[in-house]
Structures are given as structure tokens and as C-alpha cells.
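Subject: Structure handover

Hello,

Please load it first, then read the notes below.

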Amino acid sequence: MANLKEIRNRISSVSSTMQITSAMKMVSAAKLKKAQDAITAMRPYSNKLTEILQGLSSSIDSDNKYAQKRNVKKVLIVSITSNRGLCGGFNSNIFKKSTELANSVYNDSDVSFVAIGKKGNDFLQKSFNVESNHIDIFDNLNMESVSLIAESLMQMFVNEDFDKIDIVYNKFKNAATQYVMTENFLPVENNEKTEEAIGDYIFEPEKEEIVLELIPKSLKTQLFKAVLDSHASEHGARMTAMHKATDNAGDLKKDLTLTYNKARQAAITAEILEIVGGAEALSG
């Protein structure tokens with residue numbers, strides 16, 4: 001059994017760790033509220049815009065450079081992670097899905113990555129080709145900074161640098177639940193059922209002009225929604241992880257305190273026995 005000083009040091013260390021994890025939990029909870037409000041407000045607009053665009057795209061015959069379907073030889077995967085750790089399986093789930101896509105789904109294609117987040121960049125560059133990384137985007141997360149990334153992705157597709165572009169990210173449901181999503185980014189998919197649901201309207205200007213104007217905006221919105229989803233999921237995952245870490249630290253502190261009390265009682269008992277034994281020896 002460890003001596004009393006070692007146990008006291010361990011109790012002090014666990015108490016300090018518990019204070020840190022509790023503080024991180026509260027910080028993540030505060031940030032989560034803002035991130036959750038942002039994605040909740042953004043998601044209906046993004047989904048409806050994509051739905052309308054897919055319906056309109058299926059009804060026109062114009063040469064849409066963003067909807068060109070080619071033989072998939074070169075694939076680009078946009079992997080969205082975080083800049084910091086201590087958020088449970090948030091990043092490792094993205095690593096696992098990205099690796100699965102590269103090695104199983106697109107194993108016959110040349111796969112490259114665009115990393116959004118430091119953790120993803122550090123992991124992917126060890127085994128794959130990373131075209132670019134965007135580590136500082138979370139320092140000032142806004143539509144303008146994400147639009148620049150979306151524009152570069154669209155340009156690479158138009159230049160035929162890649163035949164298909166996918167996005168891998170964590171979709172936010174609540175603080176304890178996030179889903180790993182794989183979304184098609186380019187080429188733009190058409191949906192004839194959506195066109196029927198939209199109905200027969202008179203468009204001004206023409207459908208072709210509307211589609212060509214909306215596609216870049218829709219793609220930028222789609223990527224921004226994915227980044228916001230990932231941002232909210234990160235804070236939710238970190239809050240949950242820190243909550244569990246705080247509870248575990250509390251349980252460990254209780255166990256160590258019990259061990260310390262037992263050791264102290266054993267030491268006191270031993271000292272009393274020594275005193276009694278010494279007194280009996282003197283009296284004898």
C-alpha cells in the first residue's frame with residue numbers, strides 16, 4: 001500500500017484535474033448554446049435551398065458545369081474536424097470514416113483530402129495527400145471565410161482536377177449525440193421528385209439563369225452548414241466528455257480518500273500497539 005504522502009498527492013492531483021474538467025465543461029456549455037442557435041437557424045434555409053435547386057436543375061437542359069457527371073477517377077474528400085482534442089470520439093469517428101472512404105469505397109480512385117481543422121490535418125497527412133488545410137477557420141467562423149473554401153472546391157471541379165467531391169462531418173443532434181455524415185458536394189445531383197413537389201410556376205428570370213445563379217450560393221451554404229454542424233457537435237462532444245471526466249474524477253477521489261483513511265487508521269493503530277507494547281515492557 002502507498003504511504004500517506006503519496007495518497008495525499010494523488011488526491012490533490014485528482015482534485016485539480018476535476019476543477020479543470022468542470023471548468024472546461026462549463027465553457028463548452030456556454031459556447032454550445034451559441035453554436036446550436038446558429039445551426040438551428042441555418043439548417044432549414046440550407047435544406048430548402050438545396051431542395052429547390054435540385055428540382056429546378058432536373059427540369060432544364062442547359063450545360064451546367066457544376067452538374068457534369070464524369071468517370072470517377074479522382075476524388076476529393078473534405079474532412080471537417082476540430083483544432084483541439086478532449087472531445088471524446090468526435091475526431092476519431094471522422095478519421096475512421098475518411099479512411100473507410102479512401103480505402104474501401106473509392107479504393108479504385110485517386111483520393112485526396114482537404115482538411116478543415118488541425119486534428120484532421122495532422123492525422124490525414126500521415127497517410128494521404130492533403131491538398132490544403134484550413135486550421136484557422138474556427139478562429140473567426142463566418143460565411144465569408146467558408147465561401148473562399150467553397151469557391152476553391154468549385155474551381156477544382158470545373159478545372160477537372162477532381163471528378164467528385166464529398167464532405168465528411170459530424171451532424172449535430174444534441175449535446176450527447178452526433179452523427180457522422182457523408183454528403184455529396186459536387187457534381188450537383190438532380191431530383192425529379194423535388195421538381196414535382198415544387199409545382200408549376202412562372203419564373204423571372206428564366207430557370208436557367210436562376211439555377212446558374214443559385215448553384216454557387218447553394219454550394220457555399222451547404223459547406224457553411226456542414227462546418228456549423230461540426231462546430232456545434234464539437235462543443236457538445238467536449239461538454240459530454242468533460243462531464244464524464246468530472247464524474248470519474250469524483251469517484252476516484254472518493255476511492256482515494258477511503259484508501260487514505262484506512263491507511264491513516266492502520267498507522268494510528270500500529271503506533272498505539274507500539275506504545276502499549278513499550279509500556280508493558282517497562283512495567284515488566
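**Strand pairing and a surface patch**

Strand S2 and strand S3 (residues 129-134) run parallel, joined by 5 bridges. Two strands count as paired if DSSP finds at least two bridges between them. Helices (H or I, at least four residues) and strands (E, at least two) are DSSP runs, numbered from the N terminus.

The model is predicted: local features need pLDDT of at least 70, side-chain atom pairs count only at pLDDT 80 or more, and totals for chains, interfaces and linings use all residues. Residues are numbered from 1 along each chain as its sequence is written, and side-chain values use heavy atoms, with hydrogens and water left out.

Back to S2 and S3. Phe113 stands opposite Val130 in S3. S2, helix H3 (residues 118-124) and S3 form a right-handed β-α-β unit. Right-handed means that, with the strands pointing away from the viewer, the path from the first strand over the helix to the second runs clockwise.

S2 (residues 110-116) also pairs with strand S1, in the parallel sense, over 7 bridges. The chain goes from S1 through helix H2 (residues 90-105) to S2, and this β-α-β crossover is right-handed. Phe113 in S2 is opposite Ile77. Val78 has Val114 as its bridge partner in S2.

S1 has another parallel partner: 5 bridges join S1 to strand S4 (residues 164-174). In S4, Val78 has Ile167 as its bridge partner.

How covered are these strands? In S1 (residues 74-80), 6 of its 7 residues are buried. S2 is mostly covered too, with 6 of its 7 residues buried. Buried means under 20% relative accessible area, exposed over 50%, partly exposed in between (1.4 Å probe, protein chains only).

Now the surface. Ile268, Ile272 and Val276 make a nonpolar patch of about 230 Å². Areas come from the Shrake-Rupley method with a 1.4 Å probe; for residues, only the protein chains shown count as cover. Nonpolar side chains (Val, Leu, Ile, Met, Phe, Trp, Tyr) are joined within 5 Å, like charges within 9 Å. Ile268 sits in helix H6 (residues 207-283). Ile268 counts as partly exposed because its relative accessibility is 33%.

Best regards

How values were computed
Patch = residues over 30% accessible without salt bridge, like charges linked within 9 Å, V, L, I, M, F, W, Y side chains within 5 Å. Salt bridge = Lys/Arg side-chain N within 4 Å of Asp/Glu carboxyl O.
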